Amino acid sequence: MSATTSVELLSAVRHFLREQVLPELEGFKSYNTRVAANALGIVARELELGNGLAALDRQMAAELGLDADAVSIPGHIALALRDGQIAVDKKLLKYLRKRALLAIAIDNPKYSGLQQARARW
C-alpha cells in the first residue's frame, strides 16, 4: 500500500485535469472538466474537514438532547427550532456560526464572505 493519502491523490488528479486536460478542451467539455476538478477539490476538503464538522454536530446534538446519530443533525436542530423545542441562545448561535464557517470552507474556501465572516465572528 502506498503512503499517498486520499487527499493527495485527489489533488494530483485535480491538478492533471486543470493543467493537462483543460487547456486542450473547449466549450461544454471544458466546462464539465472544470466542474469535475472543482468537485474533486470539494471531496478533498470534505476528507480533511468533514470529521470536525461531524464532531461539532454531534456535540451540539448531545448538548441539546437530540439524537446524535441522526442522519442530519442540522436538520433535527432546524425542526426543533421550528417546533419551539429549543430556543436560539448564545451557545446555539456560536455553533451555527462555526458550522457555517466549516461548511463554506469545504464547499467554497475562496468565497469572499468566508474571510469577512471569520473576521466578524
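Does F28 count as buried or exposed, and at what relative accessibility? In this predicted model, F28 has a relative accessibility of 60% and therefore counts as exposed. The cut-off for that class is over 50%.

## Position of F28 and Y31

F28 is found in helix α2, which covers residues 27–64. Y31 lies in helix α2 as well, three residues from F28, or about one turn of the helix. With a relative accessible area of 48%, Y31 is partly exposed.

## The aromatic pair

One aromatic pair is present in the structure. It is formed by the rings of F28 and Y31, whose centres are 6.0 Å apart and whose planes meet at 25 degrees, so the pair is stacked. Planes under 30 degrees apart count as stacked.

## The surface patch

F28 and Y31 also belong to a nonpolar patch on the surface, together with V35. The accessible area of F28, Y31 and V35 together is about 340 Å².

## The two sides of helix α5

Helix α5 runs over residues 112–120, and its buried residues are G113, L114 and A117. These residues cover an arc of only 105 degrees around the axis, which means that they lie on the same side of α5. The buried residues of α5 pack against α4, residues 90–107.

The other side of α5 has exposed residues: S112, Q116 and A119.

Terms used. Residues numbered from 1 in each chain as written. Predicted model: local features only at pLDDT ≥ 70, side-chain atom pairs only at ≥ 80, totals over all residues. Heavy atoms only, no water. Patch = residues over 30% accessible without salt bridge, like charges linked within 9 Å, V, L, I, M, F, W, Y side chains within 5 Å. Areas by Shrake-Rupley, 256 points an atom, 1.4 Å probe, with all protein chains shown as cover. Salt bridge = Lys/Arg side-chain N within 4 Å of Asp/Glu carboxyl O. Helix = DSSP H or I, 4+ residues; strand = E, 2+ residues; numbered from the N terminus. Buried < 20%, exposed > 50% of the residue type's maximum accessible area, 1.4 Å probe, protein only. Phe/Tyr/Trp six-rings, centres within 6.5 Å; stacked < 30°, edge-to-face > 60°. Arc of directions from axis to C-beta. Contact = heavy atoms within 4.5 Å.
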